[in-house]
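These are my notebook entries on one chain of a model and on the side of that chain that touches its partner.

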Amino acid sequence: MSDKIKAMFEDFVAGRVGRRELLRDAARFGIGASAAGMLLNAAQTRALAADYDWKAHQGKALKVLLNKHPYADAMIADIESFKNLTGMSVTWDIFPEDVYFDKVTAALSSHSTEYDAFMTGAYQTWQYGPAGWLVDLDEYLKNPAKLAPNYDWDGILAGLRSSTAWSGKPGDALGGPGAKQWCLPWGFEVNNVSYNQRIFDKVGVHMPKNLPDMLEVAAKITKDAGGPYGIGVRGSRSWATIHPGFLSGYTNYGGKDFEVRGGKLKAAMNSPQSKEFTKLWVEMIQKSGPKNWATYTWYQVGTDLGAGASGMIYDADILGYFMDGGDNKERGHLAYGAFAANPNETAPTANVWIWSLAMSNFSKNKDAAWDFIQWATGTDHLLFGARKMDMVNPVRTKIWEDPEFKEKISKYPGYLEQYTATAPKARIYFTPQPLFFNLTTDWAAALQQMVAKQVPVDEGLDKLAASIDRQLKSAGLG
Amino acid sequence: MARSDVRAAGLPRFLRAFALVLVLIFFLFPIAWIFLMSFQSNEQILRIPPHLLFTPTLMNYRALISGKLITAAGSLDLPFMRNLGNSALLSAASVALSLLLGVPAAYAFARFRFRLGENIAFTLLSFRFAPPLLVLLPLSLYFQELGLANTYVGLIWVYQLICLPLILWIVRSYFEDLSPDVEYAYRVDGHSWWRAFTRIAIPLAGPGIAAAGLLAFIFAWNNFVFALILASADKQPVTVGALAFVTASGIQYGQIAAAIVLSILPTLALALYAQRWLVEGLSLGAVKG
């Protein structure tokens with residue numbers, strides 16, 4: 001009987017039978033949910049091991065550096081699969097997000113051999129990669145001897161693959177010629193609207209169609225909802241204020257951060273498109289944003305949505321998703337929508353944040369670390385994370401089509417639809433360059449001045465562009 | 001006449017009490033509010049407007065002490081008590097080592113004149129001014145070579161950058177305040193300088209040493225960056241550990257409040273216990289001249 005059961009789960013993993021058939025047959029053998037989970041996991045491990053020598057580094061010990069995040073929780077919950085598959089041991093260090101990148105930067109800049117692989121965002125690799133701290137993962141992806149045949153690199157969304165690759169030359173397009181794959185996408189977020197359906201119904205408004213409409217909807221919520229303010233967006237003096245909703249809408253209006261001419265960068269924050277969008281954005285915050293907008297980060301934007309203090313947010317879709325659970329007061333009241341800010345555009349141009357995995361150039365176990373990275377970003381682990389844990393958003397198209405994941409995500413109204421509408425144009429819209437963090441922080445500071453009415457928008461953007469051009473010139477980039 | 005005298009005397013007293021209450025409210029309100037928050041769930045804390053009346057819960061303390069937080073979203077591992085233990089170990093051991101090294105050194109600087117003495121003392125003091133990150137990055141390279149990276153011994157050594165200059169300079173000023181005549185008299189009786197130091201100088205400078213030790217303990221306890229850069233997650237102090245409640249999926253305000261209450265308890269208890277020496281010691285140092 002045990003051979004039959006094994007064969008049954010192996011057939012499912014190979015795609016020869018569907019989920020319904022598997023569940024029906026498992027029930028016939030009296031297999032409970034937890035036993036079925038274990039058997040499925042074992043079958044997946046055997047299937048993975050069949051066509052690649054996952055045991056090549058058996059007995060080796062890896063150490064990874066992780067940020068405290070639901071993606072990391074999913075990895076740890078499934079780590080036994082990796083250990084069984086490879087015979088390697090894995091330990092990890094988890095640090096809170098507030099200090100995580102300080103730890104990563106310190107470990108890499110001191111050439112520490114302690115960590116073999118680590119979580120990173122794509123923006124950070126613009127510093128780490130050209131500094132020689134990371135391994136170009138193309139060395140593995142383009143080597144058939146080192147890549148598991150079923151890894152399915154092309155199964156990862158194209159915009160994410162290109163967004164995590166860069167030549168290191170300021171202004172070169174992400175994923176363009178000569179680009180090095182500094183990290184592999186692992187989980188990501190698109191920036192769209194998450195809104196409180198209860199408040200929307202109470203006030204009698206709808207999901208905004210574009211930015212001018214968003215201004216009206218937000219103003220009505222602020223006026224009529226009896227407490228909550230209209231829209232939550234980030235406002236702290238940080239790069240993180242620019243990258244979510246702001247840059248997504250800005251791009252939709254045709255705005256760019258830089259013009260690249262002859263390999264030199266020129267600030268484009270004062271273009272007519274930029275001015276048109278920024279005026280509306282600033283007006284929206286002044287009329288319907290949070291009172292302490294200039295201190296708002298991911299945490300405040302999310303907390304207010306979850307607590308019913310704001311009517312909607314224009315931020316990461318997964319932020320809305322996280323606020324739709326736990327002990328948040330508004331859980332079960334949230335809904336999601338794709339947002340194209342420009343009334344003349346039909347499709348959103350969402351800037352993305354991509355949690356990725358990178359390999360330290362100072363690792364003493366590079367090949368073993370590669371096996372870890374390809375397992376963690378492979379279909380089976382990501383499927384586990386998406387089905388059983390909070391690993392949204394999956395980076396693989398195949399997982400979005402998985403019936404079990406689709407069923408799970410369908411409980412979040414509009415979530416799947418906003419993803420489907422946004423995915424084709426979802427990518428990083430910043431121009432990669434080494435002064436990224438400094439210049440986007442200046443951009444956020446300029447926004448703060450405009451919102452505080454210390455400077456008119458036109459003048460503020462002209463001053464910002466002039467200041468950025470000066471910095472680019474002195475760094476030899478402009 | 002007598003009644004108006006009472007009134008005249010009563011009014012300033014009333015005003016004084018009123019001013020005192022205002023000052024107390026101003027300074028203690030944040031702490032009191034955090035204390036109240038530590039007995040509320042996240043949902044209670046985030047109510048708009050905030051309520052002063054609530055049904056208290058011990059769930060935050062239970063979660064911190066048991067190391068597991070069970071919420072509707074799932075289970076979260078909390079290594080907070082380990083962080084607390086790390087802070088206690090690192091701070092106590094660092095201060096103990098600094099006292100062991102710093103008190104004799106302070107005595108030497110106070111009592112003896114030797115070549116480059118002042119230069120050495122100022123060099124030690126300058127450690128306090130160096131930006132930590134400037135020191136830590138090169139140090140982490142050396143620590144890897146020496147096998148001290150990610151060890152308690154290595155961290156206690158680095159914590160000397162905080163504790164040793166503080167203890168050395170504070171205690172030195174106390175020794176300088178003490179008249180050397182008592183020690184000379186003791187030595188004339190045939191005792192060694194070491195016995196004079198341990199039997200006479202240390203007991204007389206006791207309050208100063210206690211004050212310096214306590215201050216060094218507080219500085220070490222509040223340190224954030226040394227362990228973050230030089231050690232793994234399992235050796236992090238409470239200052240880093242408390243940030244674990246700020247996660248991508250939300251901020252656990254209740255646990256943060258409970259963590260603050262728990263993390264100030266050891267220093268608070270120590271400060272209350274040593275308050276008498278602390279005030280005496282600090283004021284003695286302050287009027288040196």
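What share of the contacts in chain B with a separation of 6 or more do residues 24 or more positions apart account for? I found the figure to be 76%; two residues are in contact if their C-beta atoms, placed from the backbone, lie within 7 Å.

I note that this is a predicted model, in which local features need pLDDT of at least 70 and side-chain atom pairs count only at pLDDT 80 or more, while totals for chains, interfaces and linings use all residues. Residues are numbered from 1 along each chain as its sequence is written, and chains are lettered from A and ligands numbered from 1 in the order in which they are written.

Entry on chain B. I counted 14 helices and four strands, taken as DSSP runs (helices H or I, at least four residues; strands E, at least two) numbered from the N terminus. Of its 289 residues, 36% are buried, meaning that 20 or more other C-beta atoms lie within 10 Å of the residue's own; 12 or fewer is exposed, and in between is partly exposed.

Entry on Leu262(B). I located this residue in helix H13 (residues 253-273). Leu262(B) is partly exposed because it has 19 other C-beta atoms within 10 Å. Leaving aside residues up to four places away in sequence, Leu262(B) touches Leu64(B) and Leu84(B). From Leu262(B) to Met81(B) I read 9.4 Å, C-alpha to C-alpha, across 181 residues of sequence.

Entry on the partner chain. I found 25 residues of chain B in contact with 29 residues of chain A. On the chain B side, H6(B) gives the most, with four residues.
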